[in-house]
Amino acid sequence: MPERLFVCTPSKLGSYTDCPRRYRYTYVDRPTPVKGPPWAHNSLGASVHTALRNWYALPEAKRRPEALPGLLKGTWVGEGYRDGDQERTAYRRALQWLESYVETLEPGVDPLGVERVVAVKTAVLAFNGRADRIDARTGPNGPELAIVDYKTGRTGLDVDDARGSQALALYAYAAERVFRRPCHRVELHHLPTGTVAAFDHTPESIARQVNRAEATARDIMAAERAVTDGADPDEAFPVAPGPGCAWCDFRRTCPGGVGAPVKDPWAAVERTLLPVTPTTPPVTPAAE
């Protein structure tokens, strides 16, 4: 019998790569261990993403800046903030990001996909993921696609972030096969600074990311089989302690993370709301 394919999303693969124990708590243990309180930065990111999705759902004639307050209010997630003042400040800042961002969009040009699910199978993976945006563009060799991912964190992004993103590479790999058009370009659109970090993959660099994803999947399936065969789950899914422990949903549950510094649910948003100076990161079409 052929080995079953590993059904996965980018977040599922990334969870194991970051910390096998967090993967186990999220996807293996049932019931799922109790999580900590919701994070305000997740609420802020979700609100902005959904507002942009709904922007493209409007008829072209209604895609005007004055529509943005209603779109953002209609999608606003208010969990995790310190208080009402911080939430209102976050809302105003998010609205400013959106107003600046939509000014850069070409009127009347619709993406090929908005929050579009793409899926593909390899010898190991049954991959599916939801891309923020898939653009249809004209490249030097004719029609092609580009993957766009929105970011709302305070830290600026550069070419290395775009090059190293396994999620973006897998989206490009899947989109090329779903739409039967070349897809090499991946872009990180950082709304707080209005900057774009982009990278043009080669078939070889995409293949390396797919191979890495398959290797991760094999490790996960081996760990799951070991637990099924009676191995200690703590040994099969070890803790990978590090700075991320402070931000983990399972910090209070995990023996390896319980000693990590306590982060308030609004801590990341507090940093995000500090004034930032727009910078233009290097953007390169050079291949890996």
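Modeller: Buried means under 20% relative accessible area. Keep in mind that this is a predicted model.

Colleague: Okay. Is Thr-272 buried or exposed, and why?

Modeller: Thr-272 has a relative accessible area of 9%. The cut-off for buried is under 20%, so Thr-272 counts as buried.

Colleague: Where does Thr-272 sit?

Modeller: Thr-272 belongs to helix α10, which covers residues 267–272.

Colleague: Which backbone oxygen lies 2.9 Å from a polar atom of the Thr-272 side chain?

Modeller: That of Ala-268.

Colleague: And leaving aside neighbours within four places in sequence, what is Thr-272 in contact with?

Modeller: Leu-44, Arg-93, Trp-97, Thr-152 and Arg-154.

Colleague: How do β4 and β5 run, parallel or antiparallel?

Modeller: Parallel, with seven bridges joining them. Strand β4 is residues 142–151.

Colleague: Which residue stands opposite Cys-183 of β5?

Modeller: Leu-145.

Colleague: What about β5 and β6, parallel or antiparallel?

Modeller: Antiparallel, over six bridges.

Colleague: Which residue in β6 is the bridge partner of Arg-185?

Modeller: Asp-200.

Colleague: How many residues lie between β5 and β6?

Modeller: Four, and the two strands form a hairpin.

Colleague: Which residue in that turn has a positive phi?

Modeller: Gly-194, at about 70 degrees.

Key
Residues are numbered from 1 along each chain as its sequence is written. This is a predicted model: local features need pLDDT of at least 70, side-chain atom pairs count only at pLDDT 80 or more; totals for chains, interfaces and linings use all residues. Side-chain values use heavy atoms; hydrogens and water are left out. Two strands pair if DSSP finds at least two bridges between them. Buried means under 20% relative accessible area, exposed over 50%, partly exposed in between (1.4 Å probe, protein chains only). A polar contact is a pair of N or O atoms within 3.5 Å; within protein, one must be able to donate a hydrogen and the other to accept it, and residues adjacent in sequence count only if both atoms are side-chain atoms. Contact means heavy atoms within 4.5 Å.
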